Amino acid sequence: MKNYILFNNPSIKENKLQVQLDVMKHNKKKLEQYQTFSNYINICDWMIRRQEYNFTIDAFEEYESLHENQKLKVLDLGCGVVPLCNYISLKGHEVIALDPIKSDIDFLVENDMNSFHNSDVKYMHGYGEKLPFEDNSFDVVYSVSVIEHIASGNDLIVLSELLRVLKVGGRLILTTDVMPNDGMNLRKYTFPFTSNTLSTVFDFLGHYENIDEKENRSLLSSLDSLTWEQIHKFWIDSKKFDQREEEQREYLAVGFFIDKGQDFVLDEDKKTELFLQGQNTLIEGFYYYQDVATIREKEMIAKEKVIQQLLQIKDNFETNFYVRILKKLGLIK
């Protein structure tokens, strides 16, 4: 299969999660009081999601076939209420599903979601910036449509953590939202990736593994030529399959995977630099994404060092503004 792909087919027939989605639908009345679960019964079957889940499953099963009769240890980062982790668990593997939204994890645990799927997933609340696992712990790590929701800068910290806990020879599988190039080299908070910002990710991942340059360039070239008209056409064409009210959305998605070739540890100075970048991105979007910003800032890396840098690089007027924001975020008293 291709290591890098743009998901732009508006008429995919198969959803490899269909059995798990049918379980969700069957239990809708029991669990519909949790709005996220009710929403995702439909969202999981959107055409864009079918392609992301199918790609992730195909990439996983290809790796699985190379390690026949081996029980794999798998991490799902940003699991939400999507039953992809249950699908993997039912194949006989050890799966940990982690998400920063505590209410999602509480819902899954309190309602014993494993009992609905006959799976054995371990659900955990936590943050990608500081994963609570030892180095080289997992055979496969995947994250579906998550990293675009993380502040620019923090996203690379998360990637470094995913690869830290991945074994050498293990597989990292990612999908993320994309949009046409906006001429910027840093994403705004919660914005999709572009060819410019995704190339930054590939450059970063190159520290861990030799990126397939041919496929890499092919994907980035596709994004370079991506237009809003193409994106809108995808959503309009796929609406007849999707159960959604809105006519269109402002993104497509891509998927890619790499097999980790060597250990690489992100040094503290680089972590601080990236964290500072993410902190500034969060502050810029704070008033628009207050709840999310608060969640994202609970357990960050090198927090005190970054706060001091923030205060030092601003003049008095700006410092007063940043102090107020930092207090609102609960980072200083």
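**Figure 1. Crossing of α8 and α9 in the predicted model.** In this predicted model, α8 passes α9 in a right-handed crossing. Helix α8 spans residues 154–165, and its axis lies 11 Å from that of α9, at a packing angle of about 35°. From α8, the residues Leu156, Leu159, Ser160 and Leu163 take part in the contact. Their partners in α9 are Thr200, Val201, Phe204 and Leu205. The contact is made up of 6 nonpolar and 2 polar residues, with no charged residue.

**Figure 2. Packing of α9 against α10.** Helix α9 covers residues 195–205 and helix α10 covers residues 213–224. Their axes come within 9 Å and cross at roughly 160°. An angle over 145 degrees counts as roughly antiparallel, and α9 and α10 are therefore roughly antiparallel to each other. The crossing of this pair, α9 and α10, is right-handed. On the α9 side, Ser195, Leu198, Ser199 and Phe202 are in contact with α10. On the α10 side, the contact residues are Asn216, Leu219, Leu220, Leu223 and Asp224. By class, the contact of α9 with α10 holds 5 nonpolar, 3 polar and 1 charged residue.

**Figure 3. Packing of α4 against α11.** Helix α11 is formed by residues 228–238, and its axis is 9 Å from that of α4. The angle between α4 and α11 is about 100°. Angles of 65 to 115 degrees count as roughly perpendicular, so α4 and α11 are roughly perpendicular to each other. Met47, Ile48 and Gln51 of α4 meet Phe234, Trp235 and Ser238 of α11. Of the residues in this contact of α4 with α11, 4 are nonpolar, 2 are polar and none is charged.

**Figure 4. The largest pocket.** The volume of the largest pocket is about 1000 Å³. Its lining consists of 42 residues, and those closest to the centre are Tyr40, Ile101, Ser145, Val146 and His149. Two or more lining residues come from each of α3 (35–43), α4 (47–66), β2 (73–77), β5 (138–144) and α13 (290–296). Helix α3 gives the largest share, 4 residues. The lining of the largest pocket divides into 24 nonpolar, 8 polar and 10 charged residues.

**Figure 5. The largest cavity.** The count of cavities of 30 Å³ or more comes to 1. The largest cavity holds about 40 Å³ of space. Its lining is formed by Met179, Asp182, Leu186, Arg187, Lys188, Phe191, Pro192, Thr194 and Thr197. Among these lining residues, 4 are nonpolar, 2 are polar and 3 are charged. Thr197, one of the lining residues, falls in the range of α9, residues 195–205.

Methods: Residues are numbered from 1 along each chain as its sequence is written. This is a predicted model: local features need pLDDT of at least 70, side-chain atom pairs count only at pLDDT 80 or more; totals for chains, interfaces and linings use all residues. Side-chain values use heavy atoms; hydrogens and water are left out. Axes are lines fitted to C-alpha atoms, for helices over the stretch in contact, and angles run from 0 to 180 degrees between N-to-C directions. Angles under 35 degrees count as roughly parallel, over 145 as roughly antiparallel, 65 to 115 as roughly perpendicular and the rest as oblique. A crossing is left-handed if the near helix is turned anticlockwise from the far one by less than a right angle, and right-handed if clockwise. Contact means heavy atoms within 4.5 Å. Ala, Val, Leu, Ile, Met, Phe, Trp, Tyr, Cys and Pro count as nonpolar, Asp, Glu, Lys and Arg as charged, and the others, Gly among them, as polar. On a 1 Å grid over the protein atoms alone, a cavity is a set of points where a 1.4 Å probe fits but cannot get out, and a pocket is an open set with protein on both sides within 12 Å along at least five of seven lines; lining residues have an atom within 4 Å of a point. Grid points are joined across faces, edges and corners, and a volume is the space filled by probe spheres set on the points.
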